[in-house]
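Hi,

Here is the structure I promised to pass on. Have a look at it first, and my notes on what turned up follow below.

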Amino acid sequence: MADKCIFCGIVGGEIPNHTVYEDSMVLAFLDIFPHAKGHTVVIPKDHFESLWDMDTDTFQSILAGVRATAGRVQARLKPDGMNIGINNGKSAGQVVPHVHWHIIPRWEGDGGGSMHSIIKNPGDKSVDEIAKLFK
Ligand code: 5GP
Ligand code: ZN
């Protein structure tokens, strides 16, 4: 099958990578432009653009790989913590259109923020109004 994107090129071996973890479902490798020491990207070996493009079983298998990767990063780099997340969709910052989890190791005093630092723009509706959408 022809490569669909740059990450498919990494899975296919046409683009080199520094592998952190691999199993039948996922490949995890060091981010080429790290935002922290050991910044790692975990991708499904199959091409899915976003979270919504895979079924639940596939998602769960991939999540097991994300956790295994995080465990390996923890064991080798011994960070104080880590942020793990997806930029799901262009407006959320996704650049490579092949779903991937960022594992960002964190150290006390590293100058970074939490998930809350991604955005602080709660919009013009109250929490109670938003809650009605979920009734
Ligand atoms: P996104 O913004 O799509 O969530 O993040 C994509 C990530 O992939 C970025 O952090 C970027 O540095 C990384 N990346 C893009 N191309 C390559 C590549 O060819 N090799 C590696 N190792 N990382 C890449
Ligand atoms: Zn792809």
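A nitrogen atom of ligand 1 lies 2.9 Å from a polar backbone atom of Leu30, a polar contact in the sense of a pair of N or O atoms within 3.5 Å. Val96 comes in with a backbone N or O atom 2.9 Å from an oxygen atom of ligand 1. For Asn87 the side chain does the work: one of its N or O atoms is 3.0 Å from an oxygen atom of the ligand. On its own ligand 1 exposes 520 Å², and the protein buries 85% of that (accessible areas by Shrake-Rupley, 1.4 Å probe).

Before you read on: this is a predicted model, where local features need pLDDT of at least 70 and side-chain atom pairs pLDDT 80 or more, while totals for chains, interfaces and linings use all residues. Residues are numbered from 1 along each chain as written, chains are lettered from A and ligands numbered from 1 in the order written, and side-chain values use heavy atoms, without hydrogens or water.

Around ligand 1 there are 15 residues, with Asp31, Val95, Val96, His100 and His102 the closest (a heavy atom within 4 Å counts as near). Helix 1 (6–11) and strand 2 (26–30) each supply at least two residues of that shell, and helix 1 gives the most, three (helices are DSSP runs of H or I, at least four residues; strands are E, at least two).

Cheers

Definitions and conventions. Polar contact = N/O pair within 3.5 Å; in protein donor to acceptor, adjacent residues only side chain to side chain.
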